[in-house]
Amino acid sequence: MSVNAEQVRHVAKLARIAMSDAEVEAMVPEFNNILGWVEQLAEVDTDGVEPLTAVIANDLRLRDDVVNDGDCRDAVLKNAPDAQHGFFAVPKVIE
Amino acid sequence: MSELTSKTIAELRDGIGGGDFSAREVAEAYNAAVAAGRPLNAYTVETPDLALAAADAADEARAAGALKPLSGVPLGIKDLFATEGVDTTAGSNILKGFKPPYESTVSGKLKAAGAGMLGKLNMDEFAMGSSNETSAYGPVISPWKRSDGGNAALTPGGSSGGSAAAVAAGLAAGVTGTDTGGSIRQPAAFTGICGIKPTYGRCSRWGIVAFASSLDQAGPMARTVRDCAILLEVMAGFDPKDATSLDVPVPRWEAGLSSGLKGKRVGIPTEYRIDGVPAEIDALWEQGVEWLRDAGAEPVKISLPHTAHALPTYYIIAPAEASSNLARYDGVRYGLRKEGVKSLDDMYAATRAAGFGAEVKRRIMIGTYVLSAGFYEAYFTKAQKVRTLIKRDFAEAFKECDIILTPTAPSAAFGLGEKMSDPLAMYLNDVFAVPASLAGLPAMSVPGGLDGQGVPLGLHLIGRELDEQGVLNAALAIEERAGFTARPEKWW
């Protein structure tokens with residue numbers, strides 16, 4: 001499989017990374033080089049092989065269903081580029 | 001290097017405990033070394049006051065007879081670890097100015113054990129790189145130079161390049177690193193120091209900026225195998241805040257150190273003999289086999305049939321996980337925000353365009369693509385199936401051997417700029433390190449010698465799950481026989 005500029009633009013949109021036309025054009029061959037290289041996995045016979053889900057066997061732990069964190073609003077907001085009235089502030093989304 | 005900054009962690013611990021010198025003197029010597037070492041660009045933030053405060057606490061503890069395991073040991077912390085109130089940026093512009101209101105579990109354990117923090121260490125942006133050149137702070141420069149009379153600046157390796165350079169240059173007694181696909185072991189090899197990546201789940205990932213969560217592991221880097229054992233004992237341990245943390249006891253690795261390998265079988269994987277590796281590295285590998293034989297081990301040939309597919313598997317899985325993990329950098333909660341755009345969506349895209357460097361964007365893009373509708377099965381699921389086979393290869397091999405020996409990297413440290421134009425050539429540098437990462441196994445690099453140009457080469461040991469002791473012991477056997485005492489000549 002190989003990608004063209006339109007597909008790279010689509011992936012950039014999905015990834016929320018703004019890209020100029022020149023950046024998209026520059027990325028097309030890089031992208032295809034890497035994809036061409038990873039596609040050698042197609043030659044590995046994986047019939048009947050389960051995809052790996054846990055690299056080291058481990059039980060999924062459950063904790064008690066009680067509040068054990070929180071009450072730290074100011075600490076949470078401290079690094080926000082824009083915090084107002086105890087909330088994260090973002091550009092207006094509804095006119 | 002002053003006398004104090006050339007001591008091992010074990011010597012510092014014993015010297016402070018025995019009253020040969022004070023922790024204050026040690027911290028002052030290291031603070032001076034860090035300041036003098038700025039031309040290496042190893043530190044992104046210096047915290048001399050924190051180092052001094054921990055030293056004073058250590059000296060008081062000594063007076064009170066209450067020394068802790070690392071009282072008065074000055075450490076550097078990789079910039080990937082959240083450190084309370086101290087800039088934590090993962091080497092990225094998108095996190096410039098981020099001061100965590102909390103401390104990562106691993107760095108917190110080190111501090112609770114009495115260690116002092118000298119500062120934060122430079123690294124490849126979000127740990128994505130093998131040369132430290134993707135850092136927003138510019139590359140770390142290795143303290144090592146080739147002996148060819150030229151003055152080429154060499155890479156310390158990556159992503160834990162600042163960590164490796166700091167230890168090699170005497171700017172820290174020990175450091176934290178993280179390893180996703182070789183980021184502790186390759187820089188350790190490039191700079192002539194030791195570094196161990198423990199079994200996945202040994203060290204808590206809580207508070208470590210996430211790159212690829214199924215692969216990321218913290219580990220120590222230091223001058224000796226013993227120092228690595230000392231640090232790892234403090235760093236490891238169950239943490240309920242990390243869902244993949246292993247709830248198993250932490251062995252006393254330092255007390256368990258023993259370089260007698262009688263009865264141990266050391267596996268030599270046929271598939272790790274690849275084209276294009278310098279003869280010197282193959283020769284060192286042979287020498288390593290002999291050293292382990294001399295320690296009592298029996299070498300056996302083993303096969304890891306899917307080795308050649310490990311790197312492409314890694315370069316699907318790691319970018320996929322990264323694309324998901326790095327979705328959080330949206331200009332809303334922390335870090336950079338690009339202002340002056342109209343919509344929320346434009347703000348996300350502009351912020352990420354401005355905040356991420358080229359390699360990080362490349363990996364997010366690849367990861368987004370292999371996870372996208374229509375391609376998920378062909379790339380991501382396929383890679384996870386091959387990962388199962390790679391893990392199975394090791395399980396089979398460990399029926400025939402107890403430890404595996406390979407070179408750490410396919411080359412010695414290369415010059416800055418030599419590989420930056422070709423991402424694939426850069427990725428190939430982790431060819432020997434990545435399989436153990438994909439299988440979650442403990443693995444370590446230990447210095448083996450210098451190449452013809454006077455630059456360090458490392459040997460790589462891979463152990464069974466949870467057998468850090470076996471890895472450390474084999475590394476110790478090599479360390480004792482290699483007699484690696486070379487140090488970079490101070491030019492900074």
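Which strands of chain B does helix α8 lie across? I began with this, and found that helix α8 (residues 279-294) of chain B lies across β7, β8, β9 (403-407), β10 (443-450) and β11 (456-463) of chain B, running at about 150 degrees to β9(B). Such angles run from 0 to 180 degrees between N-to-C directions, with axes fitted to C-alpha atoms, for helices over the stretch in contact. Helices (H or I, at least four residues) and strands (E, at least two) are DSSP runs, numbered from the N terminus.

**Before going on.** I noted that this is a predicted model, in which local features need pLDDT of at least 70 and side-chain atom pairs count only at pLDDT 80 or more, while totals for chains, interfaces and linings use all residues. Residues are numbered from 1 along each chain as its sequence is written, and chains are lettered from A and ligands numbered from 1 in the order in which they are written.

**The sheet.** I looked up the strand order in chain B and found an open sheet of 11 strands with mixed pairing, in the order β1-β3-β2-β4-β6-β5-β10-β11-β9-β7-β8. The edge strands are β1 (43-46) and β8 (298-302) of chain B, each of which pairs on one side only; two strands pair if DSSP finds at least two bridges between them. From one strand to the next, the twist averages 30 degrees. I then followed strand β7 (residues 265-269) of chain B, which is joined to β8(B) by 5 bridges, the two running parallel, and I saw that Gly267(B) stands opposite Val300(B) in β8(B).

**Chain B as a whole.** I counted 15 helices and 11 strands in chain B. Its radius of gyration is 21 Å, close to the 23 Å that the globule rule gives for 492 residues, so chain B is as compact as a globular protein of that length. That radius is taken over C-alpha atoms, and the rule is 2.2 Å times the number of residues to the power 0.38. Of the 492 residues in chain B, 62% are buried (20 or more other C-beta atoms lie within 10 Å of the residue's own, C-beta atoms being placed from the backbone).

Two residues are in contact if their C-beta atoms, placed from the backbone, lie within 7 Å.

I found 3 helices and 2 strands in chain A. The radius of gyration of chain A is 23 Å, well over the 12 Å that the globule rule gives for 95 residues, so chain A is more spread out than a compact globule. Buried residues make up 14% of the 95 residues in chain A.

**Where the chains meet.** The contact takes 37 residues from chain A and 54 residues from chain B. On the side of chain A that touches chain B, the largest share, 7 residues, comes from α2(A).

Notes
A residue is buried if 20 or more other C-beta atoms lie within 10 Å of its own, exposed if 12 or fewer, and partly exposed in between; C-beta atoms are placed from the backbone.
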